[in-house]
Amino acid sequence: MSEQEDVIVAKRAGFCPGVKRAIDKVLELEASGHFPVYTIGPLIHNKQVTDMLAAKKISAIEKPQEAKDKNGVLVIRAHGITPEFQKEVESCGMKVVDATCPLVKHAQNVIAQFAAKGYHTIIVGDAHHAEVIGLMGYTQGKGMVVSGPQEAQHLPYFDKVNVVSQTTQKESVFFETAEEIKKHADICQVSNTICQPTKDRQKETIELAQSADLVIVVGGKHSANTARLALLCKALSSAVQHVETEAELDENLIHHAKKIFITAGASTPSWVIDRVAERVKTLRAD
Ligand code: SF4
């Protein structure tokens, strides 16, 4: 995707397949006259996308009861929800479309499968993230969340434990945490549920960010995956700028960097990335 050798745009920047699938489903529903469309929680943490959805009267609600028009459609977003909540949503009498990412469903199934055999579940991730809240629902009440190896040091001792990951977790954090958890269990099953698109994105970022003088991370300021990506880049490159749009670009940094790497979180639309890349190239040409 690079047109200028000194400005490289990540091939895997932007929407991951799960987020793209959920947005496409919602837009298809709206275009085919299924109206209004309600999503259970915001579809994505990106202002440009939420503004676009709001303009089409696609709104986020927390519970089915909040839907003003019961003839509307409820969409379960890519992060998924707990099985109890899923039952509640599906029995509310409204049309329901499940846009849970198949790779999140895989993580849910791995948890359910081992929980049925009596395993405790430890999820390596962010306890407040919607995906993790959904995953906890599959642990049969025997789940815990740790953010990394340090928190894992305080875990009690288990007979059987299944270690899984939030799908967007950093691989090194997951494996270091799993090593720590092994010290806390007789039997420790390590189930790496980081999704392939996340693994590919991390690999590409590591390769390209360390050879750049400036990394520009494009994405919502409230997007957890973009913030994590920016953090990963900060460990690899001396200069990192996190911007939501091209208006926030630092011209001075752009002029002084020899090699620039532009990447983006999984919730950043391609049109926002393209605008940032175009602006960077224009500034370099000035
Ligand atoms: S990050 Fe991975 S698991 Fe999560 S929605 Fe995207 S593709 Fe699916």
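Biologist: How do the residues of the shell around the ligand divide into nonpolar, polar and charged?
Modeller: This is a predicted model: local features need pLDDT of at least 70, side-chain atom pairs count only at pLDDT 80 or more, and totals for chains, interfaces and linings use all residues. Residues are numbered from 1 along each chain as its sequence is written, and side-chain values use heavy atoms, without hydrogens or water. Ala, Val, Leu, Ile, Met, Phe, Trp, Tyr, Cys and Pro count as nonpolar, Asp, Glu, Lys and Arg as charged, and the others, Gly among them, as polar. On that basis the shell has 6 nonpolar, 4 polar and no charged residues.

Biologist: Which residues are around the ligand?
Modeller: The test for a near residue is a heavy atom within 4 Å of the molecule. The residues around the ligand are C16, G18, C101, L103, V104, T167, T168, C195, P197 and T198.

Biologist: Which helices each supply at least two residues of that shell?
Modeller: Helices (H or I, at least four residues) and strands (E, at least two) are DSSP runs, numbered from the N terminus. Two helices that each give at least two shell residues are α4 (102–115) and α8 (196–209).

Biologist: Where does the ligand sit?
Modeller: A pocket is an open set of points on a 1 Å grid over the protein atoms alone, with protein on both sides within 12 Å along at least five of seven lines; lining residues have an atom within 4 Å of a point. A molecule sits in one if more than half of its atoms lie within 2 Å of its grid points. The ligand sits in the largest pocket.

Biologist: How much space lies in the largest pocket?
Modeller: Grid points are joined across faces, edges and corners, and a volume is the space filled by probe spheres set on the points. For the largest pocket, that space is about 720 Å³.

Biologist: Which residues lie nearest the centre of the largest pocket?
Modeller: The lining of the largest pocket has 37 residues. By class, 16 are nonpolar, 15 polar and 6 charged. Nearest the centre lie H79, H129, T168, N225 and A266.

Biologist: Which helix gives the most to the lining of the largest pocket?
Modeller: Helices α1 (17–31), α4, α5 (130–136), α8 and α9 (224–234) each supply at least two lining residues. With 5 residues, the one giving the most is α9.

Biologist: What volume does the second largest pocket have?
Modeller: This pocket is lined by I40, G41, E62, R77, G80, I81, T82, F85, A130, I133 and G134. Of these, 5 are nonpolar, 4 polar and 2 charged. The most comes from α5, with 3 residues. The volume is about 160 Å³.

Biologist: Where does the second largest pocket lie, in terms of domains?
Modeller: Domain bounds come from an automatic or database domain assignment. Two domains both give residues to the lining, so the second largest pocket lies between domain 2 (18–100) and domain 3 (103–194).

Biologist: Which residue does a cis peptide bond join to F35?
Modeller: Most peptide bonds are trans. This cis bond has an omega of about -5 degrees. F35 is joined to P36.

Biologist: Is K57 buried or exposed?
Modeller: K57 has a positive phi, near 60 degrees. It lies in the loop between α2 (47–55) and β3 (58–61). Buried means under 20% relative accessible area, exposed over 50%, partly exposed in between, with a 1.4 Å probe and protein chains only. At 56%, K57 is exposed.

Biologist: What is the phi of Q140?
Modeller: Q140 lies in the loop between α5 and β7 (143–146). At 56% relative accessibility, Q140 is exposed. Its phi is positive, in a residue other than glycine, and is near 55 degrees.

Biologist: How far apart in space are V218 and I273, C-alpha to C-alpha?
Modeller: V218 is in strand β10 (214–218). V218 is buried, at 0% relative accessible area. V218 and I273 are 55 residues apart in sequence, and in space they are apart by 6.6 Å.

Biologist: How far apart in space are L43 and Q210, C-alpha to C-alpha?
Modeller: L43 sits in the loop between β2 and α2. L43 is buried, with a relative accessible area of 7%. In sequence the pair is 167 residues apart, and in space 32 Å.

Note on methods:
1 Å grid on protein atoms, 1.4 Å probe; cavity = no way out; pocket = protein on both sides within 12 Å on 5 of 7 lines; lining within 4 Å.
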